[in-house]
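I'm opening my notebook on this one and jotting things down as I look them up.

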Amino acid sequence: MTAVSQRFLFWTIVWFCILILSVPTIIVVGASFTTANMISFPPEGFTFRWYEKIALARDLQQAFIRSLFVSTVCLIVSVPIGTLAGLALARFRIRFANLVQVYLLLPFTIPLIGSGIGMMLIFGEWRILGSLWPIGVALAVINLPFIIWSVSSAAGALDSDLELAASSCGAGRFETFWYVTLPGVMPGVITGGLLMFVLAMSEFLVSLLLTDARTVTLPVQIYNNIRSIITPDLAAVSSVFVVIALFAVWLLDRLVGLEIFLKSK
Amino acid sequence: MTDRSAAQYAPADGAREIAVRASHVSMDFGGGVLAVDDASFELEKGRFLTILGPSGSGKTTLLRMIAGFQKQTAGEITINGKAVGAAPPHRRSIGMVFQRLALFPHMTAAENVAFPLKMRRFDPRTIPDRVNGFLELVKLGGYGNRRINELSGGQQQRVAIARALVFEPDLLLLDEPLAALDVKLREEMQLEFRRIQHELGVTTINVTHDQREALVVSDDIIVMDGGRIQQHAKPVELYRAPTNPFVAGFLGLSSFVEGKATADGDLQSGDLKVLGVSAGDVTEGVPVIAAIRAEQIRLARSAPALGACEMQLDATVIDTIFEGERQMYIVEAASLPGTTFRVYHHDPEGFGLFDIGDPVAIGWNRRDLKIFRHAAE
């Protein structure tokens, strides 16, 4: 094959992938500007009406605030645990390390509906079902592998001599962790943390099982609204999600640089 | 610091002050072979010691035990008269330059150098001046605000040296920091290490596999192989009077002859008596191996042209290699079949004087051929 046709094939595949991945987003965002009363694409006309509507809808507003709260709880729980666990997995020769790895994979292999029902039973037993914060904890549990992997890959890329160097500089164990190890894996912590936040914002299935009318989060609220009629305001809400995700990516780029994020295995 | 005051009261007649003493230190990682096997040595204060050996010789393990990164399984290490035992690295006053430097990538050059001062609780008001002073010492004045990845390889070396020395440790350890540099930079940094070490007078232990570096920078050299100390001597002595065939072969370029010891201390190979001097415990009839350096063999077109060599042999040129400042010949002596000699020939006019297959004569003086007892196996 010549270089030209190789490049042609390469770019065809690249653009095909980009298109496939972005079509749903484009349609949803486009549909949110329609003037029609039913969701439609391409949009008929152009209006910000639906954004006005969702901005004024109390149920959506409150669900959004609840989602922010839940995501924050998830972040607070998962960052310390995920960071320490990720470091431990990368740094120490742990007994049953393989078993631990598999265990950490479990949330992925068990269907979310299973995890959700399990947590519903446990939370019910503990009589905390109906509070908002347990949902954050639950989302931290099911998504924990993301931040653990993110941190442990950053830790794996760290020169292990750095910690020895710190101790020969006079740093004790805690000082070594605080001044050398933690800053070293910070890109992984930030990446993992943002991922946890965005995943918690949009998590649906487990949230559905753990929420009730007083604690409904945004994805669940959207689902509730769909059950009656699909109106363009739902497209507008979805567009807000897209904006949040884009914001997270922008933040990541500013904080750690996307190239580090893309490099982490 | 009772040890220091004791040293002050020591007689002023040049009594040696020992900075580091290792006695019967061993390291057993399991697996039946000791990584370091019963190593004992003393290092005087202010001197530059190089531990030289091939990879797997145990030299890095020995260094790491001195640093406190690993605990020896037997023996004792004493620094300034105090047994360090199980003291963790941060409780030892040791500066270290690592092979991969291990500079903190999220800090500037100055922050890297300030780190040990911060950790060792130096008066914060004195830190900036001290950091600048040491950056000046390593010729990096004005580079303090650069991030590590903005510095060249040589500059990073200098930051690592400043970081290791800034708190004026009792001991400086160098773990092959020059191994990754290209030849020019390496030779420049070797001289830098020497200059800085002389300037500060800090006791230094360097680890390397580079014999040239060891000879250039050191006051003392320990040669290690197979976890054991093979020889501990000053560079000139080590080079001129190796005490075993390993050292003879590891430093410089040597050729070897095998045979049996004669009554008067020479080497008998077949009908030929090879003249040399025996080093160590050699008695008549024991199997021996002799070593001679490439620059100590003379080479000429015929025996009369050799001049006054006590040992003379006819030989044939097998290969000839141009090395820039000299020509190296590989020759085989007619009376020692299967034994090749490597000979340096420094002759400004006549490079390429001999060709492959040419008959030549080689010769040496008795004192230059060292005869060692052959290892038991």
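**Two helices in chain A**

I started with a pair of helices: the axes of helix α8 (residues 173-202) of chain A and α11(A) come within 10 Å and cross at roughly 175°. Angles over 145 degrees count as roughly antiparallel, so α8(A) and α11(A) are roughly antiparallel to each other. I remind myself that this is a predicted model.

Which residues make the contact? On the α8(A) side I wrote down Ile190(A), Thr191(A), Leu194(A), Phe197(A), Val198(A), Met201(A) and Ser202(A). On the α11(A) side I found Phe241(A), Ile244(A), Ala245(A), Ala248(A), Leu251(A), Leu252(A) and Leu255(A). Sorted by class, the contact of α8(A) with α11(A) has twelve nonpolar residues, two polar ones and no charged ones.

An α-helix has 3.6 residues a turn, so residues three or four places apart point the same way.

**More on α11(A)**

Next I looked at α11(A) by itself. This helix covers residues 232-255, which is 24 residues. From its first C-alpha to its last it reaches 35 Å, close to the 34 Å expected at 1.5 Å a residue.

Which residues of α11(A) are buried? I got Pro232(A), Asp233(A), Leu234(A), Ala235(A), Ala236(A), Val237(A), Ser238(A), Ser239(A) and Leu252(A). Leu252(A) is on my contact list with α8(A) as well. After the helix comes Gly257(A), and its phi is positive, near 85°.

**Chain A as a whole**

I zoomed out and found twelve helices and zero strands in chain A. Its C-alpha atoms fill a box of roughly 70 × 65 × 30 Å along the principal axes. Buried residues make up 35% of the 265 residues in chain A. I also checked contacts between residues at least 6 apart in sequence: in chain A, 76% of them join residues at least 24 apart.

**Chain B as a whole**

The box for its C-alpha atoms is roughly 75 × 50 × 45 Å. Of its 377 residues, 41% count as buried. Among contacts in chain B between residues at least 6 apart in sequence, 65% join residues at least 24 apart.

**Where the chains touch**

How many residues of chain B are in contact with chain A? I noted 18 of them, in contact with 15 residues of chain A. The elements giving two or more residues to the chain B side are β6 (94-97) and α3 (109-119) of chain B. By class, that side has twelve nonpolar, three polar and three charged residues.

**Following α3(B)**

I stayed with α3(B) and looked for a partner. Its axis and that of helix α5 (residues 153-165) of chain B come within 7 Å and cross at roughly 25°. That makes α3(B) roughly parallel to α5(B), and the crossing is right-handed.

From α3(B), Ala109(B), Asn112(B), Val113(B), Phe115(B) and Pro116(B) meet Val159(B), Ala162(B) and Arg163(B) in α5(B). I sorted this contact into six nonpolar, one polar and one charged residues.

**One last glycine**

Is Gly324(B) buried or exposed? I found Gly324(B) in the loop between β17 (311-322) and β18 (327-333) of chain B. It counts as exposed, because it has 6 C-beta neighbours inside 10 Å. I also compared its position with Leu63(B): the two are 261 residues apart in sequence and 36 Å apart in space, C-alpha to C-alpha.

Conventions. Residues are numbered from 1 along each chain as its sequence is written. Chains are lettered from A and ligands numbered from 1 in the order in which they are written. This is a predicted model: local features need pLDDT of at least 70, side-chain atom pairs count only at pLDDT 80 or more; totals for chains, interfaces and linings use all residues. Helices (H or I, at least four residues) and strands (E, at least two) are DSSP runs, numbered from the N terminus. The expected span of a helix is 1.5 Å times one less than its number of residues. A residue is buried if 20 or more other C-beta atoms lie within 10 Å of its own, exposed if 12 or fewer, and partly exposed in between; C-beta atoms are placed from the backbone. Two residues are in contact if their C-beta atoms, placed from the backbone, lie within 7 Å. Ala, Val, Leu, Ile, Met, Phe, Trp, Tyr, Cys and Pro count as nonpolar, Asp, Glu, Lys and Arg as charged, and the others, Gly among them, as polar. Axes are lines fitted to C-alpha atoms, for helices over the stretch in contact, and angles run from 0 to 180 degrees between N-to-C directions. Angles under 35 degrees count as roughly parallel, over 145 as roughly antiparallel, 65 to 115 as roughly perpendicular and the rest as oblique. A crossing is left-handed if the near helix is turned anticlockwise from the far one by less than a right angle, and right-handed if clockwise.
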